[in-house]
Amino acid sequence: MIKINEHYHKLQASYLFANINKRVREFQAAHPERELVWLGIGDVTQPLPNACITAFHKAVDELADARTFRGYGPEQGYAFLREAIAKGDFAARGADIQPDEIFVSDGAKCDVGNIQELFASDIRVAISDPVYPVYVDTNVMAGRTGEARDGRYPGLTYLDCTPENGYAPQLPDGPVDLIYLCSPNNPTGATLSREQLQAWVDYARENRALILFDAAYEAFIRDDSLVHSIYEIPGAQDVAIEFRSFSKTAGFTGVRCAYAVVPKRCMAYTAAGAPVSVRDLWTRRHTTKFNGVSYPVQRAAEAVYSAEGQREVRTLIDYYLRNAAYVREALQRMGLACVGGDNSPYIWVQSDRDSWAFFDYLLNEAGVVCTPGAGFGRCGEHHIRISAFNSFENIQKAMQRIADVLQA
Ligand code: PLP
């Protein structure tokens, strides 16, 4: 008899986006004349930078010619892209990351989901609440969490991110082995300071723990006091893996390209306490289960690092940051407390209302779709997430509508 992985039955059904869509469908059926503004999902709306499109086309043409055709590429990514990443994203910031520590993939979602396979099933895992759900669910599937009780898994250590602590995960009371950090954060838009990251790196070094640093929104950082990479923090190369993505940086959500950095100095331990190179384990895993990102996509990603690509990417991100600043300032003028929106495309809005009630209110009264914070964890209650991924015109329209109903 073929048996299932019973841990899948411990997953809590993710009703978040299904529930949002259901409520929106019902609203539209009842009010077909009302036009909605979507500020809910975290998907980009602007087209790819010109430099990427040109490189993409050229690479496709190469595949059409027997002299320049390419079949399977290296699983870890072509050298041209790994070298461009090492130089453009790390050396430029004083972080010594070598191309052979970079693993190109088809998405940060897969990378942050797959990485936990390398570690034992009895490690203690710390995650922030609210959280990008992939961190939790992949550990549930792997059998590390136990059954959920009142919406939380007893096997996880939750790091509550609340208005009181500025939405920053605090060091845990008890020891943990694997720590998921995301900065700039999805969903809160909050960022971790240099000092806060240094405290986590020190903690990981003292406890022989490992940090999984999700920097998918790194390109939105404009504050010079913030680091763009965890490897700008002394000692991080021994205890941290970093995840980056071209999705939000260059509009690649549909194109698919990302990378993970696993430094050679990064160690995990056998049951007997002997150190093992995490990079060697990930190389084995990656080459066994993954066959590389397509050549044209890697050429398009490489173009992000050209002078033209850098200019265009900055313009693209500036467009969303202008939206985000507009949202944050408009909400603050309405008297709502919020974080994010300055180094992030997300604005995390606090409210006295239940988060689904606030969602319904904005949908029904203002015709604006946001995301209820409760969908990201217990600490998301009394919050909503507003995404700046839309046109500036729609952002202005949505803020005017919200102001009208809240101040009526
Ligand atoms: N990490 C975070 C925090 C995200 O919000 C997202 C996407 O929304 C991802 C990773 C996934 O990125 P990718 O498109 O590269 O799979």
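Predicted model: local features only at pLDDT ≥ 70, side-chain atom pairs only at ≥ 80, totals over all residues.
**View 1. The protein chain is divided into two parts, domain 1 and domain 2.** Domain 1 is made up of 6-47 + 308-406, and domain 2 covers 53-306. Taken over C-alpha atoms, the centres of domain 1 and domain 2 are 25 Å apart.

**View 2. Domain 1 and domain 2 are in contact and bury area between them.** On the domain 1 side, 35 residues take part in the contact, and 45 residues of domain 2 face them. The area buried between the domains is about 3,300 Å²; carbon and sulfur atoms account for 59% of it. Of the area that domain 1 buries against domain 2, 19% is supplied by K10, N343 and C379, more than by any other three residues.

**View 3. A salt bridge links the side chains of R222 and D318.** The N to O distance in this pair is 2.8 Å. Between domain 1 and domain 2 the count is 1 salt bridge. Polar contact between the two domains involves 18 residue pairs, with both residues at pLDDT 80 or more.

**View 4. Helix 10 and several strands supply the side of domain 1 that touches domain 2.** Helix 10 (307-333) gives the most to this side, with 10 residues. Strand 11 (338-340), strand 12 (346-350) and strand 15 (383-387) each supply at least two residues. By residue class, the side of domain 1 that touches domain 2 holds 15 nonpolar, 12 polar and 8 charged residues.

Key:
Residues numbered from 1 in each chain as written. Heavy atoms only, no water. Domains from an automatic or database assignment. Contact = heavy atoms within 4.5 Å. Buried area = accessible area lost by both parts, 1.4 Å probe. Salt bridge = Lys/Arg side-chain N within 4 Å of Asp/Glu carboxyl O. Polar contact = N/O pair within 3.5 Å; in protein donor to acceptor, adjacent residues only side chain to side chain. Helix = DSSP H or I, 4+ residues; strand = E, 2+ residues; numbered from the N terminus. Nonpolar A, V, L, I, M, F, W, Y, C, P; charged D, E, K, R; others polar.
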